[in-house]
There are 2 protein chains.
Amino acid sequence: MNNFPLLKDRILSEGKCLDGGILKVDGFINHQMDPDLMMAIGKEFAERFKDSDYNKIVTIEASGIAPAIAMGIATHRPVVFVKKKKPSTMQNMLSTVVHSFTKNIDVTICASKEFLQPDDHILVIDDFLARGNTAQGIIELANQAGCKIAGFGFVIEKTFQNGRKLLIDGGYRVESLAQITALEGNKISF
Amino acid sequence: MNNFPLLKDRILSEGKCLDGGILKVDGFINHQMDPDLMMAIGKEFAERFKDSDYNKIVTIEASGIAPAIAMGIATHRPVVFVKKKKPSTMQNMLSTVVHSFTKNIDVTICASKEFLQPDDHILVIDDFLARGNTAQGIIELANQAGCKIAGFGFVIEKTFQNGRKLLIDGGYRVESLAQITALEGNKISF
């Protein structure tokens, strides 16, 4: 457990635990965003992965974009965001299907081959790690592209779901800035 | 015409004009993003609106998030991103329907009342201004919330479409960092 104090404090003071074990952080992470906190998050990711070999940051729309671009600003590396719909102007696509448990639908995610190339070493950033199915979708896109994954950074991890195990078992490095161990009885536990 | 030189040069060197007058900037703006350029864009918006009275930046997912968060980092103001789907955890929603000409579909856009309040003065940031229909959707959300709009900032404007006229006629200030006057015969004109 290696929580980023600034983020942990903010989750404890402003996060809400809704019925059904839902963590609501939409006042500072995924609807309204605190740019100073995001920049601190970006710098913390940069620090944690400073010894990793990566040339590009990859995230997925929409909530992953802010922490990923903050890390990009901190490290001066390009950021690619994977899309949840095929844009009309995109050719030469990589794509796969990911199940969204929150919305209970299948989502096709895609990225252009132009920006995920065989010689890329990507670092994947997202807002949440829960079951790890989005992360698996990005691994599939990276496999299609033939590029390497240097690691995964998550703003918030729900350690009581099996996303981390899945990624660690796959041989990937995982860094989470806040590890939530339980969301029960409207209480957020670290 | 007051183009931001760094952006104009980048569009001229890396932008592509596709058939049908589509400007492709997905190598540095809306799929792969250059964080250093985004930060420069954020600072340029901050400078252009330095005399405006606003307490919050509002954008729309997904491509608006990077320039908006960069401006938020530059100005230390919170950033709200309007969503294109109703999240399961959102209550007390503001919502309206916007037509997407690119995809030829109607999209419901929404934001929580919690983050657009009557005493907010918002500055709206987005990647593109073309016909201005997304901007009109955000005006509608602001009207529902009862909050004021201090102005609109766009990374790229297509001056040959009528978005600017619509916003100016509505009494809004509009700043665009790159004004594209024509996209014809695979040529990008400023």
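Colleague: Which residues touch the most other members of the largest nonpolar core?

Modeller: In this predicted model, L7(A), L7(B) and I41(B) touch the most other members of that core, which holds 74 residues. Leaving aside neighbours within four places in sequence, L7(A) is in contact with I29(A), L37(A), I41(A), V155(A), L177(A) and A178(A). As a general background, nonpolar side chains tend to be buried together in soluble globular proteins.

Colleague: What makes helix 1 of chain A oblique to helix 2 of chain A?

Modeller: The axes of helix 1 (residues 5-14) and helix 2 (residues 35-48) of chain A come within 10 Å and cross at roughly 140°. Angles over 145 degrees would count as roughly antiparallel and those from 65 to 115 as roughly perpendicular, so helix 1 of chain A is called oblique to helix 2 of chain A. The contact is made by L6(A), L7(A) and R10(A) on helix 1 of chain A, and by L37(A), A40(A) and I41(A) on helix 2 of chain A.

Colleague: How do you know that the relation between chain A and chain B is that of a two-fold axis?

Modeller: Chain A is superposed on chain B by a rotation of 180° with 0.0 Å of shift along the axis, at an RMSD of 0.0 Å, and that is the relation of a two-fold axis. Among the residues of chain A, A62(A) comes closest to the rotation axis, with its C-alpha at 2.6 Å.

Colleague: What is found at the peptide bond from E61(A) to A62(A)?

Modeller: That bond is cis, with omega near -5°, and A62(A) is found in the loop between strand 4 (56-60) and helix 3 of chain A. In chain B the peptide bond from E61(B) to A62(B) is likewise cis, with omega near -5°. As a general rule, most peptide bonds are trans.

Colleague: Why is helix 3 of chain A described as largely enclosed?

Modeller: Ten of the eleven residues of helix 3 (residues 65-75) of chain A are buried, so this helix is largely enclosed by the rest of the structure. Those buried include I65(A), A66(A), P67(A), I69(A) and M71(A). Helix 3 of chain B is also mostly covered, with ten of its eleven residues buried.

Colleague: Is H76(A) buried or exposed, and what makes it so?

Modeller: H76(A) has a relative accessible area of 54%, and the cut-off for exposed is over 50%, so H76(A) is exposed. H76(A) lies in the loop between helix 3 and strand 5 (79-82) of chain A, and has a positive phi of about 60° although it is not a glycine. H76(B), at 55% relative accessibility, counts as exposed by that cut-off.

Colleague: Why does T96(B) count as buried?

Modeller: The relative accessibility of T96(B) is 17%, and buried means under 20%, so T96(B) counts as buried. T96(B) has its place in strand 6 of chain B, where it belongs to the covered face together with L94(B), V98(B) and S100(B), while M93(B), S95(B), V97(B) and H99(B) make up the uncovered one. In general, the side chains of a regular strand alternate between the two faces of the sheet. Leaving aside neighbours within four places in sequence, the contacts of T96(B) include V107(B), I109(B), L141(B) and Q144(B).

Colleague: How is strand 6 of chain B joined to strand 7 of chain B?

Modeller: Eight bridges join strand 6 to strand 7 (residues 105-112) of chain B, and the two run antiparallel, with C110(B) as the bridge partner of S95(B). The hairpin of these strands has four residues between them, of which N104(B) takes a positive phi near 55°.

Colleague: What makes strand 3 of chain A and strand 10 of chain B edge strands of their sheet?

Modeller: Six strands form an open sheet of mixed pairing, in the order 3(A)-5(B)-4(B)-8(B)-9(B)-10(B). Strand 3 (32-33) of chain A and strand 10 (174-180) of chain B each have a single partner strand, so one side of each is left without a neighbour in the sheet. Within the sheet, four bridges join strand 4 to strand 5 of chain B, which run parallel, and T59(B) stands opposite F81(B).

Technical notes:
Residues numbered from 1 in each chain as written. Chains lettered and ligands numbered in written order. Predicted model: local features only at pLDDT ≥ 70, side-chain atom pairs only at ≥ 80, totals over all residues. Heavy atoms only, no water. Least-squares fit on C-alpha atoms with pLDDT ≥ 70 in both. Pairing = 2+ DSSP bridges. Core = buried A, V, L, I, M, F, W, Y, C linked by side-chain atoms within 4.5 Å. Buried < 20%, exposed > 50% of the residue type's maximum accessible area, 1.4 Å probe, protein only. Contact = heavy atoms within 4.5 Å. Axes fitted to C-alpha atoms, helices over the stretch in contact; angles between N-to-C directions. Parallel < 35°, antiparallel > 145°, perpendicular 65-115°, else oblique.
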